[in-house]
Amino acid sequence: MEKLERKDYKAIKHMNREIMEKYLNGIYQRGYSDGATAMAREQKAERDKALAQQSEAAEPAGEVQP
């Protein structure tokens with residue numbers, strides 16, 4: 001989590017309601033986007049892991065045929 005810098009605090013302190021709403025909406029949208037990206041990455045990793053386990057189960061268990 002990023003810390004609020006002094007310059008940001010001063011800017012926020014002087015915002016009116018409309019500007020503050022836009023500012024906070026932007027923060028929310030960035031967080032939502034980052035969360036969606038992270039969720040997609042996690043789901044892909046889970047799918048890849050499941051596919052790898054399925055392919056390992058389908059292979060013979062070290063049996064070599066002459």
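Trainee: A polar contact is an N or O pair within 3.5 Å, one able to donate a hydrogen and the other to accept it, with sequence neighbours counting only if both atoms are side-chain atoms. Which residue's side-chain oxygen makes one at the start of helix 2?

Mentor: Asn 16 does: a side-chain oxygen there comes within 3.2 Å of the backbone nitrogen of Glu 18. Remember that the model is predicted: local features need pLDDT of at least 70, side-chain atom pairs pLDDT 80 or more, while totals for chains, interfaces and linings use all residues. Residues are numbered from 1 along each chain, and side-chain values use heavy atoms, without hydrogens or water.

Trainee: OK, how many helices and strands are there?

Mentor: The chain has two helices and zero strands. Both kinds are DSSP runs numbered from the N terminus (helices H or I, at least four residues; strands E, at least two).

Trainee: And how far does helix 2 reach?

Mentor: From first C-alpha to last, helix 2 spans 61 Å over its 42 residues. That is close to the expected 62 Å, at 1.5 Å a residue (1.5 Å times one less than the residue count).

Trainee: New topic. What share of the chain is buried?

Mentor: Of its 66 residues, 0% count as buried (under 20% relative accessible area; exposed is over 50%, partly exposed in between, with a 1.4 Å probe and protein chains only).

Trainee: Why does Ser 55 count as partly exposed?

Mentor: Because its relative accessibility is 36%. Ser 55 sits in helix 2.

Trainee: What does the Ser 55 side chain reach?

Mentor: The backbone oxygen of Ala 52, at 2.9 Å.
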